[in-house]
Amino acid sequence: MAPTAGKESGLDGAESSCTTPLATPTATPIATPMSTRSVKWEKDVEDAAGALQRPLLYQRGTNTTSQMAIVGANTCPIESLDYEIVENEVYNQDWRSRGKLQIFQYQVLKWVLALFVGVVVGLVGFFSNIAVENIAGFKLLLTGDLMLENRYLAAFVLYIGCNAMLAAAAAALCAYIAPAAAGSGIPEVKAYLNGVDAHSILAPSTLLVKILGSVLGVSAGFVLGKEGPMVHTGACVASLLGQGGSRKYGLTWNWIRYFKNDLDRRDLITCGAAAGVAAAFRAPVGGVLFALEEVTSWWRSALLWRTFSTTAVVTMVLHALITYCRGGHCGLFGKGGLIMFDLGSRQVTYTVTDLAAVVLLGVLGGLLGALFNFLVDRVLRVYSLVNEKGACYKIVLTVTISVITSCCTFGLPWLTTCTPCPPELARTKCPTIGRSGNFKNFQCPQGHYNALASLFFNTNDDAIRNLFSAGYDFREFGVSTLLIFFTTVYTLGLLTYGVAVPSGLFIPVILAGASFGRLVGTLLGSVSGLDPGLFALLGAASFLGGTMRMTVSVCVILLELTNDLLLLPLIMLVLLIAKTVADCFNKGVYEQIVRMKGLPYLEVHAEPCTRSLVAGDVVSGPLVTFSSVERVGAVVETLGSTGHNGFPVIEGPPFAPAPELCGLVLRSHLLVLLQGRIFTRARVKTGAAEVFRTLAPFDFAKAGSGKGLKVEDLQLTEEEMDMYVDLHPITNRSPYTVVENMSLAKAATLFRCLGLRHMCVVPRTQGRPPVVGILTRHDFMPQYIRGLYPNVLPR
């Protein structure tokens with residue numbers, strides 16, 4: 001490790017403390033062999049052949065005690081989460097003090113909080129949707145009224161001006177208040193549930209900006225969706241409710257404090273992420289499967305049941321509010337139903353020729369999805385150069401993309417000719433004036449419609465609904481119309497993702513896939529009996545499979561979106577083909593973005609090269625340790641000179657006949673113990689009873705989103721610095737350990753499966769120091785291993 005456990009002050013904090021040893025009689029440095037090849041992260045990244053393997057932070061990504069990553073549109077320090085139960089005397093005392101009633105309260109509160117998360121996320125999802133429909137609808141109505149008066153220039157100025165102002169407002173919120181709110185947030189949530197944390201990922205300010213910025217961004221006409229940001233919003237809501245109370249605001253009741261740990265927060269945030277999908281797509285089962293398949297790294301049956309209950313509550317809240325809106329109480333366009341794109345009335349039968357067409361669609365969707373991921377990588381790298389220059393550059397970039405989008409959506413419909421309305425719809429649904437629909441009038445005379453305007457001059461949801469609709473004939477959306485729309489949406493989706501606004505990829509991918517699928521269906525109309533609207537749905541599925549590489553969750557979400565169970569075999573087929581084809585070229589878009597942002601994500605399967613290395617190959621020193629009874633000054637100096645989170649505790653004479661590993665102590669626990677000033681003048685054990693006279697187990701609980709104790713907060717006198725402190729009560733006596741000759745692949749599997757932050761490496765033979773080093777998250781990262789052993793990992 002770059003220092004053994006502390007390549008991450010931010011990541012794994014000190015996961016090992018390998019800084020310069022302190023010249024004290026008790027803070028003993030244990031020297032271990034260090035590789036002569038230092039970590040050259042920057043050079044490694046510049047020389048790497050695979051561009052998709054390079055993180056965006058290559059200029060700042062040195063493997064030191066300070067770890068950084070891109071969260072949203074900003075660079076910030078990151079650290080690992082403590083999913084391991086710290087079994088010290090404080091923990092044991094906490095559980096001994098709990099009676100049956102408190103244990104019952106703890107179990108009940110798990111469910112109450114999970115259900116409450118569903119209620120809040122359902123409300124947020126509903127009101128976000130209503131806000132988008134009314135803001136965007138009002139903008140389109142004003143523009144449409146000017147078009148009816150033949151004031152086309154005024155309509156264009158109004159349209160582009162409204163979009164630019166909405167875009168600038170969304171970008172300003174992200175740039176100045178919460179940069180972590182930019183983007184979809186799914187990569188950040190995915191990394192958090194894998195054990196990577198940053199202060200701003202789930203902060204209350206991020207939640208507020210995520211909601212407002214998403215509404216403004218979607219209303220601005222960008223080719224993006226609010227579905228991805230809803231996942232991040234649900235996670236933020238769950239994190240806020242699961243903070244376990246706040247001392248600042250006096251919310252420290254006993255029945256809340258039990259949730260002040262990363263393990264319970266992780267479960268609740270998983271429920272929140274699932275609730276976000278359920279609220280965005282009105283797909284409760286799809287939300288559960290999305291959390292299982294895409295975002296979470298640890299799953300169990302109890303969490304499945306709780307997550308499903310959360311999404312069920314979301315659905316009930318949405319149903320109640322949508323029922324209310326059907327009475328016309330929700331503004332311009334607030335009369336939607338739980339089924340967003342209802343296709344359930346169709347009779348689906350297919351032949352061998354139809355199956356061949358579906359296979360072709362799956363192959364093409366996989367290829368175009370892989371190309372989309374490749375181009376997203378390139379665009380994000382260019383945008384990162386702009387975004388890192390400051391907030392003003394982020395806003396300018398966002399407004400520029402908004403102007404380009406507005407020019408395309410308003411200008412391209414002028415390139416197509418007007419089409420006469422179908423006779424059977426001339427008096428009822430065609431042309432569409434002042435409302436959503438398939439047949440937008442735009443600049444056309446009475447009795448005619450502009451097919452391209454029906455797709456561009458609409459909200460994204462209405463455009464998808466138009467593409468999914470059953471064609472009254474194959475010329476409703478002609479080949480040229482679909483080709484122009486597909487090319488534009490595909491390009492604008494690439495250009496938009498990466499600007500400093502909350503933006504999801506679901507809607508751009510569905511729009512591009514649906515238009516491409518309908519285009520294929522129109523071209524194959526003479527040989528296939530499937531409706532072009534069904535081809536649009538299958539095209540959306542193929543693009544989702546090709547970009548996001550999800551199968552089960554996407555399949556169920558599409559079925560819940562369309563209410564068409566008869567399409568299950570075709571959707572399954574096209575998803576599997578698209579994913580298989582795309583996997584031949586690159587990874588899924590979210591996995592790719594996680595890597596590009598520099599987030600140290602632990603994959604399920606370790607890198608193949610780690611099988612040729614052992615745990616002792618990647619640890620380095622010197623490793624700073626504490627004695628079980630340590631001088632206060634030594635502890636304070638070590639905490640001040642390192643950013644590490646964990647320190648091995650060595651039991652030696654006179655408390656043990658020979659040095660032995662007593663356990664592991666956390667930085668946060670050391671700070672609380674020092675703040676309590678439980679010191680002695682002699683080097684003796686004080687025991688847990690002395691600690692609990694001054695401190696309670698709750699005092700050692702992890703701080704919420706606020707700031708915890710820092711070394712600077714300790715106001716210790718010179719006399720106190722020369723005293724001793726007993727670390728036994730706060731030392732984890734049973735840390736996870738591995739022998740130094742264990743293969744690195746096996747150690748990585750244990751590390752991930754157990755959700756660890758530190759793993760002690762002990763010597764294979766006797767007569768050596770009791771601990772060789774500490775493995776942390778960064779010791780398993782390919783970039784770090786390649787820095788130590790350049791010839792081990794293939795380029």
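Predicted model: local features only at pLDDT ≥ 70, side-chain atom pairs only at ≥ 80, totals over all residues.
I started with Pro654, which sits in the loop between β11 (646-651) and β12 (660-666). Helices and strands here are DSSP runs numbered from the N terminus, with at least four residues (H or I) for a helix and at least two (E) for a strand. The peptide bond that joins Pro653 and Pro654 is cis, with omega about 5 degrees.

Residues are numbered from 1 along each chain as its sequence is written, and side-chain values use heavy atoms, with hydrogens and water left out.

Next I looked up the whole chain. I found 27 helices and 17 strands in the protein chain. Of its 795 residues, 60% are buried (under 20% relative accessible area; exposed is over 50%, partly exposed in between; 1.4 Å probe, protein chains only). I also checked contacts, meaning heavy atoms within 4.5 Å. Among those between residues at least 6 apart in sequence, 79% join residues at least 24 apart.

Then two loop residues with positive phi. Asn150, in the loop between α3 (100-148) and α4 (152-177), has phi near 65 degrees, a positive value in a residue other than glycine. Arg549 has phi near 65 degrees too, and I found it in the loop between α18 (532-548) and α19 (552-562). Buried or exposed, I wondered about Arg549? Arg549 is buried, at a relative accessible area of 8%. Asn150 is exposed, at 54%.

Another loop residue: Asn458, between α14 (451-456) and α15 (460-468). Asn458 is buried, with a relative accessible area of 10%. I noted a polar atom of its side chain 2.9 Å from the backbone oxygen of Ser454.

Last, a helix pair. I put α10 (residues 284-295) against α11 (residues 301-325) and read an angle of about 140 degrees, with the axes 8 Å apart. Axes are lines fitted to C-alpha atoms over the stretch in contact, and angles run from 0 to 180 degrees between N-to-C directions. Which residues make the contact? From α10 they are Pro284, Val285 and Val288, and from α11 they are Leu304, Thr307, Phe308, Thr311 and Thr315. I sorted them into five nonpolar, three polar and no charged (nonpolar: Ala, Val, Leu, Ile, Met, Phe, Trp, Tyr, Cys and Pro; charged: Asp, Glu, Lys and Arg; polar: the others, Gly among them).

Terms used. Polar contact = N/O pair within 3.5 Å; in protein donor to acceptor, adjacent residues only side chain to side chain.
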